[in-house]
Structure formats: structure tokens, C-alpha cells
Amino acid sequence: MYRHLEFLLGDKSAGMLRAHRGDPAVHEALADTYREPSLYDEVLAFLHRQGLPVPRSVRERDVTRPYTSDPAVVDVWRRVYAGPQEHPHLALGELLTDIAELVTRWRFEHVLVVRRAMGSKPGSAGSAGLAWLERRAARPVFPELWEVRGDV
């Protein structure tokens, strides 16, 4: 289920999908999530429909690729946060930031649990274990929301 969560958040990886080929039911369910737009893709499409200038390259990107920060999307969020406190999308940005913070906290707590329980043994699905988890934990969820925080 963790891989589903990562894919839903926009951090997609063909390698993580391939690692589950041994269980056809899990692989197919995960493949469905892999091929669908992430929550953040849907939010950015919504912001565009609301008149905010989310670039076409972001809206029409290959959703099977990991999402990476885009300077124009940082500007969209900057516009939202610079607007009035009643800006209709301010609450959306804050809710996404809450989700990102909770996921990041969970990731780091998971690293500590694995470090304590397994040390540096290989991880599940053939991963490098602790080293892989530490790299994953450092990846930001909804990166533009964190980049714009300095302007808030």
C-alpha cells in the first residue's frame, strides 16, 4: 500500500512497479495507480480550470514520470499565498502542505524503525533497505509548496 501512496502523491517509479511483478493482483492494482494522474496533478489541473496560469507542460506531462518542481508552478502558489487571506485556494495549499508534512514525518519515523529493527540489511522488494529509505524520505511531497514557504 505504501507504493500506492507514493504514486498517488506523484512520486512514481517504473522500478517500484516492476518490483511487484511476482504478485499479479498487486502489480495490476499498482499499475492502475501508476498510470493515473496523481493527487497533485489533479490539483494543478483544478487550479488551471480556476484561471491560474499552470503551464501546459505541467498539465500535459507524462503522469508515469515522477513529478518535479516547476518554477511557473512556484509562481502560481506564490500568487495564491500573496493574495488576500480569503483567497479561495489558500486553504487548498495549506491542506496539501499538511498532507506533505504528515507523509514526510511518517517517512522519517519509518527510517528510524527500520534502522532500529534491521540496520543496513536489504529491504523489501529488493531495495537497498535503509539507504533507499533515507533517500526516499528526503524527497519533498508537493515541492513547490515548500519552495514558496519563504515568501509566506
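1. In this predicted model, helix α6 shows P71 and A82 exposed on one side. The buried residues of α6 are V73, V74, V76, W77, V80 and Y81. Seen down the helix axis, these buried residues fall within an arc of 155°, so they line one face of α6. An α-helix has 3.6 residues a turn, so residues three or four places apart point the same way.

2. The length of α6 is consistent with its residue count. At 1.5 Å a residue, its 12 residues (71–82) should span 16 Å, and the end C-alpha atoms are 16 Å apart, which agrees.

3. The partners of the buried residues of α6 are α4 (39–49), α5 (56–59), α7 (90–118) and α9 (143–147).

4. The largest nonpolar core has 22 residues, and those touching the most other members are Y40, L44, L47, V73, W77, L96 and F142. Two or more residues each come from α4, α6 and α7. Helix α6 supplies the largest share, five residues.

5. Beyond its neighbours within four places in sequence, F142 is in contact with L9, L39, Y40, L96, I99 and A100. A second, separate core holds 12 residues, including F7, Y34, L133 and A137.

6. A31 sits in helix α3 (residues 24–35). Its relative accessibility is 3%, so A31 counts as buried, the cut-off being under 20%. From C-alpha to C-alpha, A31 and R21 are 10.0 Å apart in space, and 10 residues apart in sequence.

Notes: Residues are numbered from 1 along each chain as its sequence is written. This is a predicted model: local features need pLDDT of at least 70, side-chain atom pairs count only at pLDDT 80 or more; totals for chains, interfaces and linings use all residues. Side-chain values use heavy atoms; hydrogens and water are left out. Helices (H or I, at least four residues) and strands (E, at least two) are DSSP runs, numbered from the N terminus. Buried means under 20% relative accessible area, exposed over 50%, partly exposed in between (1.4 Å probe, protein chains only). The expected span of a helix is 1.5 Å times one less than its number of residues. The arc is that of the directions from the helix axis to the C-beta atoms. Contact means heavy atoms within 4.5 Å. A nonpolar core is a set of buried Ala, Val, Leu, Ile, Met, Phe, Trp, Tyr and Cys residues joined through side-chain atoms within 4.5 Å.
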